[in-house]
Amino acid sequence: VAKRLNTLLRTPRLCSILPPMQTILVLRTTRLECWPHKLAGINDFARQHAWRLQVIDCTAGPGQVAPLLAFWRPAGCIVEADGAASQLRPRDFGDTPVVFLDHSPEIVREGASVVRHDSARIAHLAARELLALDYPAYALIGWFYPSYWMQDKINAFQDILSLHGKTAHLF
């Protein structure tokens with residue numbers, strides 16, 4: 001079997017045996033420290049679906065999209081935005097399917113597909129763990145600039161603590 005497999009792997013006919021891999025462009029538009037973890041998850045998913053990822057590690061603007069699509073001819077695109085708003089919009093991709101990862105929610109009104117983390121659920125889990133420790137005081141340190149996801153997290157954290165008769169000090 002090993003000899004036959006080795007022979008198959010060296011012959012051009014293999015291209016007709018295996019389905020072609022689809023190229024997916026991943027456009028990274030921010031430089032936050034959580035990027036390697038997100039990319040690892042995207043890579044895991046890509047391996048399971050026979051995708052070839054082409055990561056464009058830059059602050060891609062709308063003018064870059066058309067040439068990238070023409071060059072790579074991807075089956076789809078993922079735009080990573082780390083909880084912010086990128087300059088890229090659904091219309092920039094024409095007929096190419098695109099998913100915005102952790103983009104601000106206002107882009108949904110433009111018909112975008114968005115995958116986001118659940119800030120309220122994260123706050124609930126954190127509150128549960130902290131409440132189990134029965135501390136006399138609780139605090140939450142927010143993000144360094146106002147953002148919709150941080151406000152979601154603050155509200156959820158405060159609501160859970162209030163439900164338990166506790167107060168959250170915000171910093």
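**Exercise 1. Crossing of helix 5 and helix 6**

Task: Determine in which hand helix 5 passes helix 6 in this predicted model.

Solution. Step 1: Helix 5 spans residues 119–132 and helix 6 spans residues 148–163. Step 2: Two packed helices are described by the angle between their axes and the distance between the axes. Step 3: The axes of helix 5 and helix 6 come within 8 Å, and they cross at roughly 35°. Step 4: The crossing of helix 5 past helix 6 is right-handed.

**Exercise 2. Residues at the helix contact**

Task: State which residues of helix 5 meet which residues of helix 6, and how many of them are nonpolar, polar and charged.

Solution. Step 1: Helix 5 contributes Ser119, Ala120, Ile122, Ala123, His124, Ala126, Ala127, Leu130 and Leu131. Step 2: On the side of helix 6, the partners are Trp149, Asp152, Lys153, Ala156, Phe157, Ile160 and Leu161. Step 3: Sorted by class, the contact of helix 5 with helix 6 comprises 12 nonpolar, two polar and two charged residues.

**Exercise 3. A network of salt bridges**

Task: Identify the residues linked in a network of salt bridges, and state which parts of the chain the arginine 89 and glutamate 110 pair links.

Solution. Step 1: Arginine 89 and glutamate 110 form a salt bridge at 2.6 Å, N to O. Step 2: This pair links distant parts of the chain, 21 residues apart: arginine 89 is in the loop between strand 3 (76–80) and strand 4 (98–101), and glutamate 110 is in the loop between strand 4 and strand 5 (113–115). Step 3: Glutamate 110 also meets arginine 91 in a salt bridge, at 3.7 Å, N to O. Step 4: Arginine 91 lies in the loop between strand 3 and strand 4 and glutamate 110 in the loop between strand 4 and strand 5, so this pair ties together parts 19 residues apart in sequence. Step 5: Arginine 89 is buried at 11% relative accessible area, glutamate 110 is partly exposed at 34%, and arginine 91 is exposed at 64%. Step 6: The network therefore consists of Arg89, Arg91 and Glu110, linked by salt bridges.

Terms used. Residues are numbered from 1 along each chain as its sequence is written. This is a predicted model: local features need pLDDT of at least 70, side-chain atom pairs count only at pLDDT 80 or more; totals for chains, interfaces and linings use all residues. Side-chain values use heavy atoms; hydrogens and water are left out. A salt bridge is a side-chain nitrogen of Lys or Arg within 4 Å of a carboxyl oxygen of Asp or Glu. Helices (H or I, at least four residues) and strands (E, at least two) are DSSP runs, numbered from the N terminus. Buried means under 20% relative accessible area, exposed over 50%, partly exposed in between (1.4 Å probe, protein chains only). Axes are lines fitted to C-alpha atoms, for helices over the stretch in contact, and angles run from 0 to 180 degrees between N-to-C directions. A crossing is left-handed if the near helix is turned anticlockwise from the far one by less than a right angle, and right-handed if clockwise. Contact means heavy atoms within 4.5 Å. Ala, Val, Leu, Ile, Met, Phe, Trp, Tyr, Cys and Pro count as nonpolar, Asp, Glu, Lys and Arg as charged, and the others, Gly among them, as polar.
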